[in-house]
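Please look over the sequence and structure first.

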Amino acid sequence: MSKTVSVITTTYEDLGHLKEVAESLLLQDYESVEYVVVDGGSKDGTLEYLKDFQKEIANKPGWRFTYISEKDEGIYDAINKGLRLATGDIIGPLFDRFAKKDVLSRIVRSMEEEGTDGVHGNLDYMDEKGNTVRKWRMGDRQDIRSGWMPAHPTLYLKRKIYDIYGGYKTDYRIAADYEFMVRILEDKKVKLSYIPDVLIHMYYGGTSTAGAGSYWESFWESVRALKENGISHPILICLKRTLKVFGQFQWRKQ
């Protein structure tokens, strides 16, 4: 019996982008998918779209759809709501578009063949014209103290990891995803597979990529995340990570 993959999308007043994300998911060739959408109470037609989408997804055997539309306390609170709603064996986020139609199939296959707790891969940041402006290529697992960190939008994990380590801390504004990854990876007990291929095309301009001010805030939240998880030399580690991130921009098109 195929493992069910729960895919979580959070949204608020962003109907056009939600449609792109949802339609990307529909192209996946994996046969057992649960789609969970957490909307923050949008008034832009999102709820009506979700009702129609529920009818569309009903035509895909082995797929199911759950959604809620209510006020939340921000993106990480919304993700936690999605985690509580998700019932699949493997859980991961979808805030942008899958790069290929077989991404979920490859995620499940990699985890099964390698006996791992999760999987991550490469990611391309795209501008509104579809040009690649940044390429996330961290490679296979290294020590987080070197500045290495998986691309969070590509990270899919077994349900048990959330049961053991919990969800996202809602008192972070930008870097709760980084804190979560530090928390699950710092003791090296969680084993990840790596798919050396682009899994996600991500729109460049989200909360943590919206300018120097946001990046600075993200930097200091990341320092805090390392401190809270008992990792020494947090500023040095974040500087190493920053250098890795800046190196990704060598791929920007002129």
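Does lysine 188 count as buried, partly exposed or exposed? At 44% relative accessibility, lysine 188 counts as partly exposed. The cut-offs are under 20% relative accessible area for buried and over 50% for exposed, with partly exposed in between (1.4 Å probe, protein chains only).

This is a predicted model, in which local features need pLDDT of at least 70, side-chain atom pairs count only at pLDDT 80 or more, and totals for chains, interfaces and linings use all residues. Residues are numbered from 1 along each chain as its sequence is written, and side-chain values use heavy atoms, without hydrogens and water.

**Backbone**
- Most residues other than glycine have a negative phi.
- Lysine 188 has a positive phi, near 65°. It sits in the loop between helix 6 and strand 9 (192–203). Helices (H or I, at least four residues) and strands (E, at least two) are DSSP runs, numbered from the N terminus.
- Histidine 233 also has a positive phi, about 55°. Its place is the loop between helix 7 (212–228) and helix 8 (234–248). Histidine 233 is exposed, with a relative accessible area of 57%.

**Cavities**
- The whole structure holds 3 cavities of 30 Å³ or more. A cavity is a set of points on a 1 Å grid over the protein atoms alone where a 1.4 Å probe fits but cannot get out; lining residues have an atom within 4 Å of a point.
- The largest cavity has about 50 Å³ of space. Points are joined across faces, edges and corners, and volume is the space filled by probe spheres set on them.
- Its lining includes Ile8, Phe95, Tyr162 and Tyr168. Strand 4 (90–93) gives the most, with 3 residues.
- By class, the lining has 8 nonpolar, 1 polar and no charged residues. Nonpolar covers Ala, Val, Leu, Ile, Met, Phe, Trp, Tyr, Cys and Pro; charged covers Asp, Glu, Lys and Arg; the others, Gly among them, are polar.

Conventions. On a 1 Å grid over the protein atoms alone, a cavity is a set of points where a 1.4 Å probe fits but cannot get out, and a pocket is an open set with protein on both sides within 12 Å along at least five of seven lines; lining residues have an atom within 4 Å of a point.
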